[in-house]
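Biologist: Hello! Could you walk me through this structure, one question at a time?

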Amino acid sequence: MNGFANDYRPVSVETLDGGAFADRINEAIQECLCNIQDISRDDKKARQVKAVIKLVPDGLDGKKIHVVTSVESKLAQTRPSNIVIYSAIRDGELVAYEQNIEQPELFQSSSLRIVKPENGDIDGGEEGNDI
């Protein structure tokens, strides 16, 4: 007999940390697959799963070994969005609205004053300065 109890199993990726290491790898793979299917993510960027097993001997004879496992995934970030907003002075307040082609006109020209970006001056509803 080799001195090991019958309920011990040889170490493998599937048995490390009671099977949790393999589970974490599978979860990271699933996370990458979901990230690839997300249309708001970069469709050309590679996703990555990194599984690390560190074996650190304890003592001179090498019989006791500390094992450290880690799993990391590298996903594609959300694509930047590019929107248009319109701003103007309305009833004395600076307001901005996101462009939406299905909405009615945002500003009625009679209540608007235009802010000139070069110097911050405000034009007050003069002919030709309305939006």
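Modeller: Gladly! The sulfur of Cys34 has its closest cysteine sulfur in Cys32, 9.5 Å away, which is too far for a bond. Please keep in mind that this is a predicted model.

Biologist: How many disulfides does that give by the rule?

Modeller: A disulfide needs two cysteine sulfur atoms within 2.5 Å. Seen from Cys32, the closest cysteine sulfur is the one in Cys34, at 9.5 Å, so this pair is too far apart for a bond. By this rule, the number of disulfides is 0.

Biologist: Is Cys32 buried or exposed?

Modeller: Buried means under 20% relative accessible area. Cys32 has a relative accessible area of 7%, so Cys32 is buried.
That is the value to compare with the cut-off: 7%.

Biologist: Let's turn to a helix. Which residues does Asn35 touch, leaving aside its neighbours within four places in sequence?

Modeller: Asn35 belongs to helix α1. Its relative accessibility is 6%, so Asn35 counts as buried. Beyond those sequence neighbours, its contacts are Arg41, Arg47, Leu75 and Ala76.

Biologist: Now for the surface. Which residues make the nonpolar patch?

Modeller: Strands β1 (48-58) and β2 (64-74) each supply at least two residues of this patch. One of the patch residues is Val67, which has its place in strand β2. With 38% relative accessibility, Val67 counts as partly exposed. The patch covers about 410 Å², and its members are Val13, Ile53, Leu55, Ile65 and Val67.

Biologist: Which residue in the hairpin of β3 and β4 takes a positive phi?

Modeller: Strand β3 (residues 85-90) and strand β4 (residues 93-98) run antiparallel and are joined by 6 bridges. Across this pair, Ile89 stands opposite Leu94 of β4. The hairpin has 2 residues between the strands, and the positive phi, near 55°, belongs to Asp91.

Conventions: Residues numbered from 1 in each chain as written. Predicted model: local features only at pLDDT ≥ 70, side-chain atom pairs only at ≥ 80, totals over all residues. Heavy atoms only, no water. Patch = residues over 30% accessible without salt bridge, like charges linked within 9 Å, V, L, I, M, F, W, Y side chains within 5 Å. Areas by Shrake-Rupley, 256 points an atom, 1.4 Å probe, with all protein chains shown as cover. Salt bridge = Lys/Arg side-chain N within 4 Å of Asp/Glu carboxyl O. Helix = DSSP H or I, 4+ residues; strand = E, 2+ residues; numbered from the N terminus. Buried < 20%, exposed > 50% of the residue type's maximum accessible area, 1.4 Å probe, protein only. Pairing = 2+ DSSP bridges. Contact = heavy atoms within 4.5 Å.
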